[in-house]
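Please keep the sequence and the model in view while working through them.

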Protein chains: 2
Amino acid sequence: MSAPRYARVDDAFVTALEAEIGAECVSRAPEALERHARDESDGLYFPPELVVQPRATEQVQALLRLCSERRVPVTPAGGRTGLSGGALCVHGGVALSLARMDRIVEIDERNFFCVVEAGVVTERLQEAVEARGLFYPPDPASRGSCTIGGNIAENAGGPRAVKYGVTADWVRGLACVLADGTLLRTGGKLRKDVTGYDLTHLIVGSEGTLAVVTRAWLRLTTRPTAFRTALVPFASAEAAVALVPAIAHAGLDPAAIEFMERAALEAACAQLGVRVGHDEAQAYLLIELDGTDEARLDREIERLGELCLERGALDVWLALEPGRRRELWALRRAMGEAVKRLSAYREEDTVVPRARLAEALAAVGRITARHGVRAITYGHAGDGNIHVNVLQGELDPERWATVSRTVSREIFEAIVALGGTITGEHGVGCVQKDNLPIALSRASLALQRRLKTAFDPGWILNPGKLFDPE
Amino acid sequence: MSAPRYARVDDAFVTALEAEIGAECVSRAPEALERHARDESDGLYFPPELVVQPRATEQVQALLRLCSERRVPVTPAGGRTGLSGGALCVHGGVALSLARMDRIVEIDERNFFCVVEAGVVTERLQEAVEARGLFYPPDPASRGSCTIGGNIAENAGGPRAVKYGVTADWVRGLACVLADGTLLRTGGKLRKDVTGYDLTHLIVGSEGTLAVVTRAWLRLTTRPTAFRTALVPFASAEAAVALVPAIAHAGLDPAAIEFMERAALEAACAQLGVRVGHDEAQAYLLIELDGTDEARLDREIERLGELCLERGALDVWLALEPGRRRELWALRRAMGEAVKRLSAYREEDTVVPRARLAEALAAVGRITARHGVRAITYGHAGDGNIHVNVLQGELDPERWATVSRTVSREIFEAIVALGGTITGEHGVGCVQKDNLPIALSRASLALQRRLKTAFDPGWILNPGKLFDPE
């Protein structure tokens, strides 16, 4: 198909919409448009023409029916904490905020399931299920403000993915609205289901381009109650990441294996005003074991500590008190913001097979050196998922625009050559759209466009993300 | 689209195909056609017109190109152990056997991954990775003869799914051939990947209707080396299944929680010529804990045993010797064949939220009693996935044909009303196609047909399975 031409939001559209769903859900107020013009991606600004904040699925259906008829683009938005511009209206149209659909519908303790609306803030859900002795593991850094709907759209990860998997691993059913307003239900409180195609997991991670998720059926597990957390300094980044396969071979199954290079930890320490670090360390691993059996964790952390020291760690610092553990995680979570304060930057969300992390870091070092820029790296080493933050530093904006694009492309080419890919948990959105052909073949992209058309023939759902029509 | 008209396999087609891929891969011999006319589904017989057994992906591509051009249907086949007719050529055409593409391409110990061709027999892969201290968990009952390609097509499960998940949870990348002969690569040795739509998991479980999988990238884990296995008799099926949520709430995470009613165990005992059973028991759970830490397993099996007795188990029999453990699992695996020997039957692969198993079994009892037939049930209680075998018994074939269809439909309606679905691991194939609308809405089926068309515009891949074009 050729590039779609979209209609603008005009008074007639607003009048028709308000008649359908009520005026209180619809806003053209400048502050509402402004608030929905940005997410956490650096330097993007796309104000919508209209903000719609429904309270019920039926209102989402009415909105999409109208938008389909009139060819008005719709971009679903959750907490707007995304890093790839997924919630931004790059073609204008309607920002569809799911924020008011924020009910925890059910916590089913007998089946280890919960049912939630898309707008529930992730941390709120976690606290609610933990209060009942249950556990919803996915923990993106933004969990205090991101939503389950956004997590589903981007297939969010986080540190605990190394043990517990990503959002997709916990989603077992969806209620969503298709582009023409049709309601689609998939899955349910089921641990096995091969009844037809797995639409659930096609929609998870589809960045709001296939359907608007309004409700989710999420699997839960038992809440871990005991933790052993260690910060482990290494003389080199290579030595740090070399430990990752060794941990797995030792039969240890940490809930997190986070990598941070020296500069990343220093930036976070400066931001939070704390002092943590080893004089000779160039990199650190933050490793956490969790479970319910204190004695077992004691044995495991001892084995882990020995393994680290055998493999060249400079030291092993255990967070023996809960306050210390919280501090280490606060540092880890502050890292993104802290690096951002050092300089404007471009963040790349690389993934490689985890035994190839050292090669990936070396490639990043070579490429940035060649272009005279600096990168700060940290991330989820246990999953081979490293965030590479290329800093603008002293470069003028024009030169930065060129250099950062080139550096990103070269990094992605090196990562893909190592068997990796260009995004592990942030999504493609509009930020990585131009780099998608580095990772995916023409055949794959052509097929994905056909799937998009099968869901959304008018390409009205979140246009400008992932790929454009050919 | 309207129902496609398919071409027959004629001499010109065979000549053209042999010129492309060589005559040694192509057979019209009656014994080859006959061999591919059946799988393990009861009473189905669909001989293909041609059997093709390629050795390389390029040959699969050439075949599909030709079949697309000439509108000849192609049905991929693995070990032909399926229970829903997935590998049968219900519209004639080509049986595409992947049996000769059976290389274990790589076992990557550092990354905990393997790369295998579609025709590798599951058990052979398991043995190969276990010899290196690694583990590929999915274990369908047919693992001695089923193939990884077939497991992927059907998203096969097995007893260990309750702890380790199903096939989909271990597949991270695919090489497959689209209907027009295009090669598609998805994923890789990656633990996280949100680069575009998740084609991998759309193709897993699609029953060979979307693409022909030729190679898979499979995640591995650490091999468990210690096991504690218990057979637990109960006075009623309700008491047995009521234990399932209690085990999870106790924080225990067994590798298997299998349910079998008295008649199922008796049939298996008769088949294998062993005596196992409790006079007062109407049902049993077969529970296995696994891990690497013997002391921990000792503590856990003790807690599990206490829990069973508190919850009304008649006894707890531990399989203290490896030989005893093997015997219990041999009984469990013989169950399907053993029940088959009692009578012709129709097997339904029901799933419900696992805390609703008692209601599901009660519904099955009511429905079969009302129609004067008998059902024997067993299966994966930990996943809420129970196989319901409705026996023909003394009914004449004509009456059986009507009654079995009615009983199946009523059972599925009851299961869906409990929040369940009509197949957990066997697939829809041609066996459950007519029942699909009980579980899926018109909107879902319409969307799935559009996805099918986006992959395979001529509907040449495994036609007659899942659903027909409208």
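1. Helices are DSSP runs of at least four residues, and they are numbered from the N terminus. With that convention, H8(A) is followed by A:Gly251, whose phi is positive, near 80°. The model discussed throughout this note is a predicted one.

2. The burial of H8(A) deserves attention. Its buried residues are A:Ala237, A:Ala240, A:Val241, A:Leu243, A:Val244, A:Pro245, A:Ala246, A:Ile247 and A:Ala248. Which elements cover them? From chain A, the cover includes strands E12 (226–234), E13 (256–261) and E14 (283–291), as well as H10 and helix H12 (357–370). Chain B also takes part, through strand E11 (221–222).

3. Two packed helices are described by the angle between their axes and the distance between the axes. In chain A, helix H8 (residues 237–249) packs against helix H10 (residues 294–310) at an angle of about 140°, and the axes are 10 Å apart. Because of this angle, H8(A) is oblique to H10(A). The crossing of H8(A) past H10(A) is right-handed. On the H8(A) side the contact is made by A:Leu243, A:Ala246 and A:Ile247, and on the H10(A) side by A:Leu304, A:Leu307 and A:Cys308. Sorted by class, the contact of H8(A) with H10(A) has six nonpolar residues, no polar residues and no charged residues.

4. The corresponding helices of chain B may be read in turn. The axes of H8 (residues 237–249) and H10 (residues 294–310) of chain B come within 11 Å and cross at roughly 140°. H8(B) is therefore oblique to H10(B). H8(B) passes H10(B) in a right-handed crossing. H8(B) contributes B:Leu243, B:Ala246 and B:Ile247 to the contact, while H10(B) contributes B:Leu304, B:Leu307 and B:Cys308. Here the contact of H8(B) with H10(B) has six nonpolar, no polar and no charged residues.

5. In soluble globular proteins, nonpolar side chains tend to be buried together. In this model, the largest nonpolar core has 153 residues, of which A:Phe13, A:Leu63, B:Phe13 and B:Leu63 touch the most other members. Another core, of 44 residues, lies apart from it and has A:Val232, A:Phe234, A:Leu357 and A:Ile386 among its members. Beyond its neighbours within four places in sequence, A:Leu63 is in contact with A:Phe13, A:Leu17, A:Val52, A:Val74, A:Val94 and A:Leu96.

6. Is B:Ser84 buried or exposed? Its relative accessibility is 2%, so B:Ser84 counts as buried. B:Ser84 is placed in the loop between strand E3 (74–77) and strand E4 (94–97) of chain B. Leaving aside neighbours within four places in sequence, the contacts of B:Ser84 include B:Ser41, B:Glu154 and B:His426. The stretch B:Gly427, B:Val428, B:Gly429, B:Cys430 and B:Val431 is also in contact with B:Ser84.

7. Most residues other than glycine have a negative phi. B:Phe112, however, has a positive phi, near 55°. B:Phe112 is found in the loop between strand E5 (104–108) and strand E6 (113–117) of chain B. With a relative accessible area of 5%, B:Phe112 is buried.

8. B:Asn155 has a positive phi too, near 50°, in a residue other than glycine. The loop that holds B:Asn155 runs between helix H5 (148–154) and helix H6 (161–164) of chain B. Because its relative accessible area is 11%, under the 20% cut-off, B:Asn155 is buried.

Notes: Residues numbered from 1 in each chain as written. Chains lettered and ligands numbered in written order. Predicted model: local features only at pLDDT ≥ 70, side-chain atom pairs only at ≥ 80, totals over all residues. Heavy atoms only, no water. Core = buried A, V, L, I, M, F, W, Y, C linked by side-chain atoms within 4.5 Å. Buried < 20%, exposed > 50% of the residue type's maximum accessible area, 1.4 Å probe, protein only. Contact = heavy atoms within 4.5 Å. Axes fitted to C-alpha atoms, helices over the stretch in contact; angles between N-to-C directions. Helix = DSSP H or I, 4+ residues; strand = E, 2+ residues; numbered from the N terminus. Parallel < 35°, antiparallel > 145°, perpendicular 65-115°, else oblique. Left-handed = near helix turned anticlockwise from the far one by under 90°. Nonpolar A, V, L, I, M, F, W, Y, C, P; charged D, E, K, R; others polar.
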